Amino acid sequence: MQVQPHDEQRIVAAIEAAELVTSGEVRVHLNDTCSGDPLRDAQKQFQKLGMHRTAERNGILFFIALESHKFAVVGDSGIHAKVGQAFWEGIRDHMVPELKEGRWIDALELGIAEAGRALAEHFPYQGPSDRDELSNEVSRG
Ligand code: CA
Ligand code: CA
């Protein structure tokens, strides 16, 4: 599947908007395929991107395998301790209908906004001292 520059710009804009109100970090990784277990792939990619290296362990990764039509959302221990397993399942459930229609950018925008709201609630923006700990650029496999 072709990913257009415009698609990536929309994703980056969604991440930037989410991170305006939280110290938490959101990243998106796009792959063509998936090993069969998107959650495992997402966890691997999380490590590979060094996403566990945030001060408050509040990074969230959206992993999408475009050709395999698989995806997963994983959050680090800090945010996971606040929201619990049901939260990740909720995001998933909200994204699935859009993904099924092939609207994966819409799905991501929705998921990122939802992740951003939860991060903002538990990890509010820290003002001028708040660093962009993880790049907002889309990571590609
Ligand atoms: Ca930050
Ligand atoms: Ca960031």
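Modeller: Donors here are N, O and S atoms within 2.8 Å of the metal, or 3.2 Å for Na, K and Ca; water is not among the atoms, so sites may look incomplete. The model is predicted: local features need pLDDT of at least 70, side-chain atom pairs count only at pLDDT 80 or more, and totals for chains, interfaces and linings use all residues. Residues are numbered from 1 along each chain as its sequence is written, chains are lettered from A and ligands numbered from 1 in the order in which they are written, and side-chain values use heavy atoms, with hydrogens and water left out.

The calcium ion (ligand 1) is 5.7 Å away, and Glu25 coordinates both. This pair links distant parts of the chain. Glu25 is in strand 1, while Asn136 is in the loop between helix 5 and strand 4 (139–140), 111 residues apart. Helices (H or I, at least four residues) and strands (E, at least two) are DSSP runs, numbered from the N terminus.

Turn to the calcium ion (ligand 1). Its protein donors are Ser23 (O), Glu25 (OE), Asp130 (OD) and Arg131 (O), at 2.2 to 3.0 Å. Their spacing in sequence is S-x1-E-x104-D-R.

How open are these donors? Buried means under 20% relative accessible area, exposed over 50%, and partly exposed in between (1.4 Å probe, protein chains only). Glu25 has 1% and is therefore buried. Ser23 has 5%, so it counts as buried too. Asn136 is also buried.

Ser23 leads on to Phe123. Contact means heavy atoms within 4.5 Å. Setting aside residues up to four places away in sequence, Phe123 touches Ser23, among them Val21, Thr22, Gly24, Gly78 and Ile79 as well. Phe123 is in the loop between helix 5 and strand 4. Its relative accessibility is 6%, so Phe123 counts as buried. Phe123 and Gly78 are 45 residues apart along the chain, with C-alpha atoms 9.4 Å apart.

Glu19 gives another way out. Its C-alpha atom is 9.6 Å from that of Arg117, 98 residues away along the chain. Arg117 belongs to helix 5. With a relative accessible area of 54%, Arg117 is exposed.

In soluble globular proteins, nonpolar side chains tend to be buried together. A nonpolar core is a set of buried Ala, Val, Leu, Ile, Met, Phe, Trp, Tyr and Cys residues joined through side-chain atoms within 4.5 Å. The largest one here has 31 residues. Ile11, Val28, Phe62, Met95, Trp104, Leu108 and Ile112 have the most contacts inside it. Two or more residues each come from helix 1 (5–19), strand 1 (25–31), strand 2 (59–65), strand 3 (70–75), helix 4 (85–100) and helix 5 (104–122). Helix 5 gives the most, eight residues. A second, separate core has ten residues, including Cys34, Phe63, Val74 and Leu134.

Beyond residues up to four places away in sequence, its contacts include Val28, Ile91, Met95, Leu108 and Ile112. Ile91 is in helix 4. At 0% relative accessibility, Ile91 counts as buried. Leaving aside neighbours within four places in sequence, Ile91 is in contact with Phe62, Val73, Gly111, Glu114 and Ala115.
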